[in-house]
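Here's a quick tour of a protein model, starting with its sheet and then moving on to its packing and one of its pockets. Have the 3D view open as you read.

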Amino acid sequence: MDTVAAAPSSRVSAAGAGWESCAGPGSWRDDVPVGTKPLSWLRPSILWQSRNDIVARRLGDPTDAMRAAWVELARARQNGAGEDFVFTLGGADAVSLLVAGDTGEGDASQYAVVPGLLSQADGVAATVICSDVIYPTGQTGDYRDKFYRPYRALRMPVLAMPGNHDWYDGLHGFMSHLCGIEGAIEAPRKNGIRGWLTRLLWNPPTGATELDLQHMRHLRSAPEQMLSPPQPGPYWAMDAGPVRFVAIDTGIMGTLDAAQGKWLHAVSFANDRPKVLLTGKPLYVNGELHPCAITGGGTVDDVVRDAGANYVAAIGGDIHNYQRYPVTLPDGWRLQYIVSGGGGAFMHATHQIPKIDLAGTSEDEFRCYPLRGDSLARYSRLYDDKLSGGRGLLRLTPTEAATYMSELLKIDPTRGHRIELSGRARRAARIIQPAPAQRGFHRFVSEAFDWNDPPLFKSFLRLDASPHELRVRCFGVTGCAGTEDAPAVEDELAISW
């Protein structure tokens, strides 16, 4: 395979961010199925399909009981993984994986990431989807255009851990397609008005015809695309090369049930291999720690921070961008907390991330993609188009946006230098990025202001583990023609064992 020079990083080049020298969408646009509508979270039908989130939060979450039923089915089948859901992949000395989070919108923004994944696929043992395989509700029939078709040329197994959206059909689609387990698991029946409302409102799963299922499997039927036996369950541990990857299922609410918590302890302390946690909900995100409670006591972060478990990194999806928090613990141990959710869904704004000042890490060590200024500049175009009719009243150049963010957070611009802002630019920035940033409708702007044209600011990871270190690279995807097969490395680090 010919080596293509990587595009310049957005940290050093406006062209690398997709602002300049972009000749429009790449050839990936031709692969989007004809008639595909962008997934819009403003459509009442989409919100209604996703109602299980509200039902779980307001009336009681049935996820733990349903997971226990799925795990019982998985245990009965065994899958060759035994009782601990641990399996082995690849050789003993080294392994490479691709990680793409929150992929499954099925529209242009998902397909735009595929050429980048293919460009980095040489020598890779598997791809891992980190949360939300299918939007909006994980239904069985949606896997054709949101899983099988986009990744039909990816000649390797694809594993996943479910996100909250995969649970909106009770995990039926996920268990069928990823684990090869069929079942009819219902939400547990509870008495009283809350139980009656749950039964009334809970969105049931929908199936697919046998012909549709045959078509899906045909799209990814090559032997090298299959994991045999299939993924053992909704959570799993994989020994690959010198590393143990531990994947957990955080359900709808972002917590672990007691049984899974016990399993996490067992697989984490079973050996002294370096370990990487893969989770549907990140532990550090948007300048905050979310330790992920375990029913019965303790948190996932307690396990990750325990030196006896030998974790070196924790990678989570759910938030649709890239963030990295290098955290030094009181005993001097260094952990990398990473958000990798830019694999295809709408982009969550990074300009709403506050200045990082957390125990063990700081703004100087923090990394994100897109840069806060590029995020603000991209959203200014959306605000301008939707709120001022495209007249330019709210539009900011990348340099204007970077200048405003540097003033607001009292940091230096990552790319370029500060300029003098005009009164119009300053007023526009205050409308788009108020302080605090998460107030009012701004909190939901990412869902409302989706787009499917460059620059897209999607991302994915490549992990290369050797006997000596784990190399982590974040690749940025602008969607621009000319760079789709040579994505820029937006962040890179090496973790020594």
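Two strands count as paired when DSSP finds at least two bridges between them. Keep in mind that this is a predicted model. With that rule, eight strands make up an open sheet with mixed pairing, in the order E1-E5-E6-E7-E10-E12-E11-E15. E1 and E15 sit at the edges with a single partner strand each, so one side of each has no neighbour in the sheet. From one strand to the next, the twist averages 20°.

Here are some of the elements to find in the view:

| Element | Residues |
|---|---|
| Strand E1 | 86–89 |
| Strand E5 | 236–240 |
| Strand E6 | 243–248 |
| Strand E7 | 275–279 |
| Strand E10 | 311–316 |
| Strand E15 | 367–369 |

E1 and E5 run parallel and are joined by four bridges; Val86 stands opposite Ala237 in E5. Helix H10 (residues 258–268) lies across E1, E5, E6, E7 and E10, running at about 175° to E6.

Now for the packing. The largest nonpolar core has 73 residues, and Phe147, Leu264, Leu277 and Val300 have the most contacts inside it. Leaving aside residues up to four places away in sequence, Leu277 touches several residues, including Val246, Ile248, Leu264 and Val300. Another core, of 65 residues, lies apart from that one, with Val95, Tyr379 and Leu493 among its members.

Finally, which residues lie nearest the centre of the second largest pocket? They are Ile411, Asp412, Pro413, Thr414 and Arg415, out of 24 lining residues. This pocket holds about 490 Å³ of space. H13 gives the largest share of its lining, five residues, while E15 and H12 each supply at least two.

Note on methods
Residues numbered from 1 in each chain as written. Predicted model: local features only at pLDDT ≥ 70, side-chain atom pairs only at ≥ 80, totals over all residues. Heavy atoms only, no water. Core = buried A, V, L, I, M, F, W, Y, C linked by side-chain atoms within 4.5 Å. Buried < 20%, exposed > 50% of the residue type's maximum accessible area, 1.4 Å probe, protein only. Contact = heavy atoms within 4.5 Å. Axes fitted to C-alpha atoms, helices over the stretch in contact; angles between N-to-C directions. 1 Å grid on protein atoms, 1.4 Å probe; cavity = no way out; pocket = protein on both sides within 12 Å on 5 of 7 lines; lining within 4 Å. Points joined across faces, edges and corners; volume = space filled by probe spheres on them.
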